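This briefing goes with the sequence and model shown below. It is grouped by topic for reading beside them.

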Amino acid sequence: MICPYCRSKNVIPIIYGFPGPDMFVAAEKGEIKLGGCVISLNGDDNDAYCKDCNKEWSADTLQVDDIIKVRYVVDSCGLETRDSHERRVYEIFPDGIVRHYQYYGYLRKANYKKHYMVEWSKVLNLFADLRRFSRSDYMDLLTEGDGCDGESYRLIISFSDGRKLKYDGGCYGGTFDSRVYSFINENHIGN
């Protein structure tokens, strides 16, 4: 893991709960930091500590500026045959570059590749929306639609500290897919 504040790799985990003898030894060696016996119920405890700049953070405290890439993958099953399988991959970067790849069947080589430039402010708005809903205290606001249309998605948000938040779901609205899909359509990506 890399510290988002000073870019140091001298980062250790913060461990909560009543420590046993092994945890005390690991803390003395500087391999872990003891976070205390009390664990918050809302999941906002810091879980990483930089020994160089003495900062603590968690996945929830990482900001929009800490996002280095959003990867959105959509799999379409079609008629449930091998040849009708389609995978669309969108990689969105903070500088406005969007890479779009399309795969047919189960090939590992893309049949279609194209790069787009999108205004960084639009990318920032997408990242802010995804970041807001990817925090643990907002996850309840996402609604999962009911249905089965043969499409599923995987969203991976990569952060500057090396963490990746991963979400999977069905492509029938209300979740992350509707936000990224709107961004793709509004910017004419893949058309």
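**Briefing on the predicted chain**

Leaving aside neighbours within four places in sequence, N187 is in contact with V118 and K122, where contact means heavy atoms within 4.5 Å. The model is a predicted one, in which local features need pLDDT of at least 70 and side-chain atom pairs count only at pLDDT 80 or more, while totals for chains, interfaces and linings use all residues. Residues are numbered from 1 along each chain as its sequence is written, and side-chain values use heavy atoms, with hydrogens and water left out.

**Overall layout**

- The chain has three helices and 10 strands, taken as DSSP runs numbered from the N terminus (helices H or I, at least four residues; strands E, at least two).
- Along the sequence these elements follow the pattern β-α-β-β-β-β-β-β-β-α-β-β-α.
- The chain holds 191 residues, and 42% of them count as buried (buried is under 20% relative accessible area, exposed is over 50%, and partly exposed is in between, using a 1.4 Å probe and protein chains only).
- Of the contacts between residues at least 6 apart in sequence, 51% join residues at least 24 apart.

**Helices α2 and α3**

- The axes of α2 (residues 120-134) and α3 (residues 176-186) come within 11 Å and cross at roughly 180 degrees.
- Helix α2 is therefore roughly antiparallel to α3.
- The axes are lines fitted to C-alpha atoms, for helices over the stretch in contact, and angles run from 0 to 180 degrees between N-to-C directions; angles over 145 degrees count as roughly antiparallel, under 35 as roughly parallel, 65 to 115 as roughly perpendicular, and the rest as oblique.
- On the α2 side K122, V123, L126, D129, L130, F133 and S134 take part, meeting F176, R179, V180 and F183 of α3.
- By class, this contact has seven nonpolar, one polar and three charged residues (nonpolar: Ala, Val, Leu, Ile, Met, Phe, Trp, Tyr, Cys and Pro; charged: Asp, Glu, Lys and Arg; polar: the others, Gly among them).
- N187 lies in the segment after α3 and counts as buried, at 15% relative accessibility.

**Largest pocket**

- The largest pocket has a volume of about 160 Å³.
- Its lining consists of R71, V73, H85, R87, V89, Y103, G105, Y106 and L107.
- Strands β5 (67-76) and β6 (86-92) are the elements that give two or more residues to this lining.
- The lining divides into five nonpolar, two polar and two charged residues.
- A pocket here is an open set of points on a 1 Å grid over the protein atoms alone, where a 1.4 Å probe fits, with protein on both sides within 12 Å along at least five of seven lines; lining residues have an atom within 4 Å of a point.
- Grid points are joined across faces, edges and corners, and the volume is the space filled by probe spheres set on the points.

- K51 sits in the loop between β3 and β4 and is partly exposed, at 33% relative accessibility.
- Not counting residues up to four places away in sequence, K51 touches N10, I12 and G30.
- K51 and C3 are 48 residues apart along the chain, and their C-alpha atoms are separated by 9.4 Å.
- N54 is found in the loop between β3 (48-50) and β4 (56-57) and is exposed, with a relative accessible area of 51%.
- Although N54 is not a glycine, its phi is positive, about 60 degrees.
- R7, in the segment before β1 (11-16), is also not a glycine and has a positive phi near 70 degrees.
- R7 is partly exposed, with a relative accessible area of 46%.
- Most residues other than glycine have a negative phi.
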